[in-house]
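Biologist: Could you walk me through this chain, one question at a time?

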Amino acid sequence: MRFLYFICFFIVSNTAIGQQYHISRICPDLLKNADAVVRLDRMNILVKTSDYMEVTSTRVVTVFNKKGAKHVNAVTYYDNETSLKYLTAKVYNAEGVELKEFKEEDFLDQRASGAGMLYTDSRVKFLRYKPEQYPYTVVLSKKYSTSDTAFVPRWYFLNDYRVSTEKSEFNLYLPSNLKYRHKENNFHSFEIQGTANATGVRYKAMNLMAIESEDLDPDLYDFTPNIQFALEDFHLKGISGNATTWKEYGSWIYNSLLQNKDELEPSTVAKMKALVKDIHDPKEKIKKVYQFVQNNTRYISVEMGIGGWMPVSAKEVDRVKYSDSKGLTNYTMALLKAIGIDSYYTIVSADSRMRSLDLDFPFLEGNHAFLNIPLDGEELWLECTSQKLPINFLGTFTDNRYVLKIGPNGGELVKSLQYTSEQSLQDTNARINIGEKETHALVEIKSMGLQYDQKYELSNQSKEKVERYYEQYWNYVNDINILSHDIENNKKNIVTVEKINLTSSSYTRKAGENIYFVPNMLNRNQFVPKKDKNRKRKIIIKRGYLDEDDFIIDYPENYEILSAIKNVNLKNDFGEYSVSLERISDKRLRYKRRLLIKPGTFANTLYDDYRTFRRTTAKIDASKIVFVKHD
């Protein structure tokens, strides 16, 4: 890394031709695997008080192709607590000649809203620029002030895959009476220069080469350098706070954002008590209240001022019958309280990446709320924004991560519901009839655990959408015709049951007197990681699953088996795979298959072994039986 630094420094220092942003001034090593190069990324943060912060930034990006355009990041968000001081952009061609200048009024300005968002005071300004040719360079400069000091921007020295960083600088200034904390992440493999004292920090990095993504690798920010910051005394949408531990953050949220939000009208309390008066099992009471919430409310997003963090009162949700995750969670908590059941408002970083709140660095984070209910030594969970999910089911949006459970005694990090591979079961049974002109199958698929998460929505889809889903699911079955289907979302047992009647006129292949037939007609796993001779990072398999298949196969009377597939039984650290084929009567076969994928973290040196395992299972899944016609 030092050798690269000196080479790049020499090139930049000694290039006499061209302007400042001429592409020839970029060190050649930074161009490797790069769709863009960040020439300069600088941010200066001045915290004057616990409720006033100024952020000044300059970002210079040279874009080499269409994929690199996103790395310009010509976007800025603002709201009632954030004031833009200036926002400009300049565009240069490959020779560093200025092509165009954009002032703040040239940026498009719109509400920062998405699907399902009803209320927000957040707005976004962004630059829409269509280049005439590549490469080009954009210099983006902006400054804003805000009273929201609860979120000091996190600094990333590498912003994404396939983008190099020529120079990155971050500076934080604040008076010595304002206490702050910071955490350096993943510095060990990179040369980052930095100093920190009572009045701030200064960090600098040079010539960080672009990184290529790898199949099943860790999240980018789990292995690239970044820094987190938090003020001990902070301000959020007009409310002051002080916290350094998760317990203290939970206390602040409970006392400042949740207090008195659980009050209900006496008539609603009476309604809840009447709803469960004949039920004695606490879990059944919870289920009844949850069903009431699902049947009587709907989800919308609220990000207006403190409403982005403070839930709407339970009384208001009861009146209007809608809210966001915060409001619906608080409302459900209030309804359960009305029948004497304690539950806990819980904050989570929700998305399929399975990101936990940081165990070692407490700060205000999370983007979603759901409900935790301790009951007889068991932890129950309610996703209060869903009108379809059963009680105590979490999908990939919130499963298996550390979340902040909030109560009168403060915050506590707990682990959300985790599913074993065996619990995430898909069980496929079928009767398959091979004809000379078409193949017919009656299929039943039962899906549980995280495989249920992928299927329960099907029960509410239109006939056309479901048929398109099956056509894609069985995309290797030519000329598939879905004759009928029935899908049950069994919320009591948390299982979906699919029953499908289908035919295909060209699934089998005829060659002379022979019929070629792949017995794994209905659950073929075609995933094979891409070849990588120089695997650099660990293998991360975040979630496991189990597929079990049992197919009864009838073939024509005037045919015999010429060649069959062999039985297989594989076991290793990544999982298990077995296939068997047996004759159970004349003209009838039984095909059984079992694929277990285990979650875990594995050394990069095992990548070829993992790829071989998946390639082998995919190959066997496509193995054929050959039937020959006899007189």
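Here is our conversation, with questions from one of us and answers from the other.

Modeller: A friendly note before we start: this is a predicted model, where local features need pLDDT of at least 70, side-chain atom pairs count only at pLDDT 80 or more, and totals for chains, interfaces and linings use all residues. Residues are numbered from 1 along each chain as its sequence is written, and side-chain values use heavy atoms, with hydrogens and water left out.

Biologist: How many helices and strands does the protein chain have?

Modeller: Helices (H or I, at least four residues) and strands (E, at least two) are DSSP runs, numbered from the N terminus. The C-alpha trace of the chain spans about 90 × 75 × 40 Å along its principal axes. Within it, the secondary structure comes to 9 helices and 39 strands.

Biologist: Which residues have the most contacts inside the largest nonpolar core?

Modeller: A nonpolar core is a set of buried Ala, Val, Leu, Ile, Met, Phe, Trp, Tyr and Cys residues joined through side-chain atoms within 4.5 Å. The largest one has 64 residues, and its largest share, 7 residues, comes from H6. Those with the most contacts inside it are Ile253, Ile286, Leu336 and Leu382.

Biologist: Which residues does Ile253 touch, not counting residues up to four places away in sequence?

Modeller: Contact means heavy atoms within 4.5 Å. With residues up to four places away in sequence left out, Ile253 touches Leu258, Ile347, Leu364, Leu404 and Ile406.

Biologist: Which residue joins its side chain to that of Lys125 in a polar contact?

Modeller: Lys125 lies in strand S8 and is buried, with a relative accessible area of 11%. Its contacts beyond four places in sequence include Val75, Tyr78 and Asp109. A polar contact is a pair of N or O atoms within 3.5 Å; within protein, one must be able to donate a hydrogen and the other to accept it, and residues adjacent in sequence count only if both atoms are side-chain atoms. At 2.7 Å, the side-chain partner of Lys125 is Glu104.

Biologist: Where does S8 sit in its open sheet of 3 strands?

Modeller: S3 (75-78) and S6 (108-111) are the edge strands, each with a single partner. S8 (residues 123-126) is joined to S6 by 4 antiparallel bridges, with Leu108 opposite Phe126. The order of the sheet is S3-S8-S6.

Biologist: Which residue in the turn of the S36 and S37 hairpin has a positive phi?

Modeller: S36 (residues 575-585) pairs with S37 in the antiparallel sense over 10 bridges, and Tyr577 has Leu595 as its bridge partner. The hairpin has 2 residues between its strands, and the one with a positive phi, about 65°, is Lys587.

Biologist: Which residues does the cis peptide bond with omega of about -5° join?

Modeller: Most residues other than glycine have a negative phi, and most peptide bonds are trans. Pro135 is found in the loop between S8 and S9 (136-146). The cis bond joins Tyr134 and Pro135.

Biologist: Is Asn260 buried or exposed?

Modeller: Asn260 is in the loop between helix H2 (246-258) and helix H3 (266-275), and its phi is positive, near 65°. At 52% relative accessibility, Asn260 counts as exposed.

Key:
Two strands pair if DSSP finds at least two bridges between them. Buried means under 20% relative accessible area, exposed over 50%, partly exposed in between (1.4 Å probe, protein chains only).
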